[in-house]
Amino acid sequence: MTRRIKENIIKYVLFLFALVSVLVLALIVFSLFREGLPIFQKVSLRDFLLGMEWYPTSEPPLFGIFPLIVGSFIVTFFSTLIAVPLGVLSAIYIAEIAPGSIKEILKSLIELLAGIPSVVLGFFGMIVVAPWLQETFDLPTGLNIINASVILAIMAIPTISSISEDALYAVSREFKEASYALGATKFETITRVIMPSALSGISTAVILGMSRAIGETMVVLMVAGGAAAIPESLFDSVRPMPASIAAEMGEAPYRGLHYQALFATGIVLFVLTLIFNLIADYVSHKFRQSGSATL
Amino acid sequence: MIETKIRAMKWRYFRQHAFFGIVRLSALIIAAALGGLLFYIIVNGIGAISWDFITKPPTDSMTKGGIMPAIVGTIYLTVGAIAIGLPLGVVSAIYLTEYARQGRIIRIIKIGINCLAGVPSVVFGLFGLGFFVVFLKFGSSILAGSLTLGFLIMPTIIGAAEEALKAVPQTFREASLALGVSKWQTTLRIVLPAALPGILTGSILGIGRAAGETAPIMFTAAAYFTTKLPGSLFDEVMALPYHIYVLATAGTNIEQTRPLQYGTVLVLVALVLGIDLIAIVIRSYMRKQKRW
């Protein structure tokens, strides 16, 4: 009897530990709202989200983050455009085509790529890619959308590749064997049978890769150029939300309007990535892969 | 008739070859990107590395000297993050794999973990600032930075630990339970030891992330410049990633300190990838040695 009580106590204690993740998420919301919401006593939500001017230190200050939101979406979009083909194709290579030894090495390489600190990639973009872009295309600055998108893509590739790879592995063998038995080539099997079965997993991978890109800070801080304006070309600078927060928080007076506006920007960023993650979660659960092996 | 069939066949195989070519190329591009990046960092950074660089503090307003305080700071923050993230993550994973029954609460916890994994690093920084630095009044300190980083790597550790625990064969548990051992003792004495190597190698990859992150420590722990080493958990520290950022963007003389920047980048990359590489090698060794 005492043993059962003891086991039950252990079970509930462990349960409390498992709740820590949810608790931390709640604390994140609490801290962001506590520091960020007061800005909306001075600036309306509409003016904040859709305002075109971000001049937090002018007199009077203007807190319109629309150009920052646009900046975030543009670099995310273009980095996705680069990272998705590379990530998904490399996953296909690893899961379906590569011979054993190459497969292991490539998987390790992608893991190492995922491990490279973002500040190092930002540094590389700043002093290698930027001068090269500037000279080659004769630009006023090499710190722009293109540069940030390429570097962000490098960060998003490992996420997309490894999750897609898991999704490809999860396609049941019977599907492939049935396809080969019908005389399909390997290419036809991959594109018509394996890819469609793994589509929900691959979509999850793409969404999580985008979420990674939109929230990435150091790269856009060092490489995107920092102009808080709506860009007109791919060679223009932008100031994505994370860059604005990271660059300005150090100088914003404690609990001043600027400080609150940066926290409010953090709320917007948090909500965006939360939406991305919930969609990813929904996709991977709603459209479970068919067949004996499910993701 | 036969000729058209052969032609169709050839076309099908041609498409296959073309597709395989593209697929190989994309794998090659990724490998080349990593290789080129590492090569560039090593070639440019190796010249700056010396015993003094690693063991001396910066001098002449950070235009000369070494990076010792930043190395020490990064080690403190990483160890702090492990001390918080590892136990919390492993215990959460034990509950989720060994105890939890599928249900709504578990579903919510799992969604919570996924969402936490997706929170941008700069938002973690804001959280650390708003909660640990301001609300709990820790100030900008090792404690605040470690807590922030610890919660940042927790989802990674939970994922790694869950995978390692699930890989322990069910028969191990059944054998133990059949001998009359309680569930908790089975978990602690049978399942956990069997899963431990997998948990550790998986976690190491998260730990590398803690060492390399910049945004979460910018407002919670990192000092622009200190020569003294931290004396307590409530001191600010220098950290390698933040040091790189500062030297490359806000230093007193960005061009002149370039060798220092390359050197710091090399030290950070060697540290982080060294940790990751050890994990990868141990894991592949373990897979070959697998006893069950």
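User: Going by the rule that a residue is buried if 20 or more other C-beta atoms lie within 10 Å of its own and exposed if 12 or fewer do, is A:Arg255 buried or exposed?

Analyst: Bearing in mind that this is a predicted model, A:Arg255 counts as exposed, because it has 12 C-beta neighbours inside 10 Å.

User: OK, and where does A:Arg255 sit in the chain?

Analyst: A:Arg255 belongs to the loop that runs between α12 (241-248) and α13 (257-286) of chain A, and its phi is near 60°, which is a positive value in a residue other than glycine.

User: What about B:Lys137, what is its phi?

Analyst: For B:Lys137, phi is also near 60°, again positive in a residue that is not glycine. B:Lys137 lies in the loop between α5 (121-135) and α6 (142-166) of chain B, and it is exposed because 8 other C-beta atoms are within 10 Å, where 12 or fewer is the cut-off.

User: While we're on backbone geometry, which residues does a cis peptide bond join?

Analyst: A cis peptide bond joins A:Glu59 and A:Pro60, with omega at about -5°; A:Pro60 is found in the loop between β1 (54-55) and β2 (62-63) of chain A.

User: Stepping back, how many helices and strands does chain A have?

Analyst: Chain A has 13 helices and two strands, and its C-alpha trace spans about 75 × 70 × 30 Å along the principal axes. Of its 295 residues, 50% count as buried, and among the contacts in chain A between residues at least 6 apart in sequence, 73% join residues at least 24 apart.

User: Let's take A:Thr76, is it buried or exposed?

Analyst: A:Thr76, which is found in helix α4 (residues 66-97) of chain A, is buried, because 26 other C-beta atoms lie within 10 Å and 20 or more is enough.

User: Which residues does A:Thr76 touch?

Analyst: Leaving aside residues up to four places away in sequence, A:Thr76 touches A:Met210, A:Ala213 and A:Ile214. As for A:Met241, it is 165 residues from A:Thr76 in sequence, while the C-alpha to C-alpha separation of the two is 12 Å.

User: How many residues does the largest nonpolar core have?

Analyst: The largest nonpolar core has 179 residues, and those with the most contacts inside it are A:Phe123, A:Val219, A:Val223 and B:Ala239. Because domain 1 (2-48) and domain 2 (51-289) of chain B both give residues to this core, it lies between them.

User: And which residues does A:Phe123 touch?

Analyst: Not counting residues up to four places away in sequence, A:Phe123 touches A:Met222 in chain A, together with B:Ile244, B:Ala248 and B:Val265 of chain B.

Conventions. Residues numbered from 1 in each chain as written. Chains lettered and ligands numbered in written order. Predicted model: local features only at pLDDT ≥ 70, side-chain atom pairs only at ≥ 80, totals over all residues. Helix = DSSP H or I, 4+ residues; strand = E, 2+ residues; numbered from the N terminus. Contact = placed C-beta atoms within 7 Å. Core = buried A, V, L, I, M, F, W, Y, C linked by C-beta atoms within 7 Å. Domains from an automatic or database assignment.
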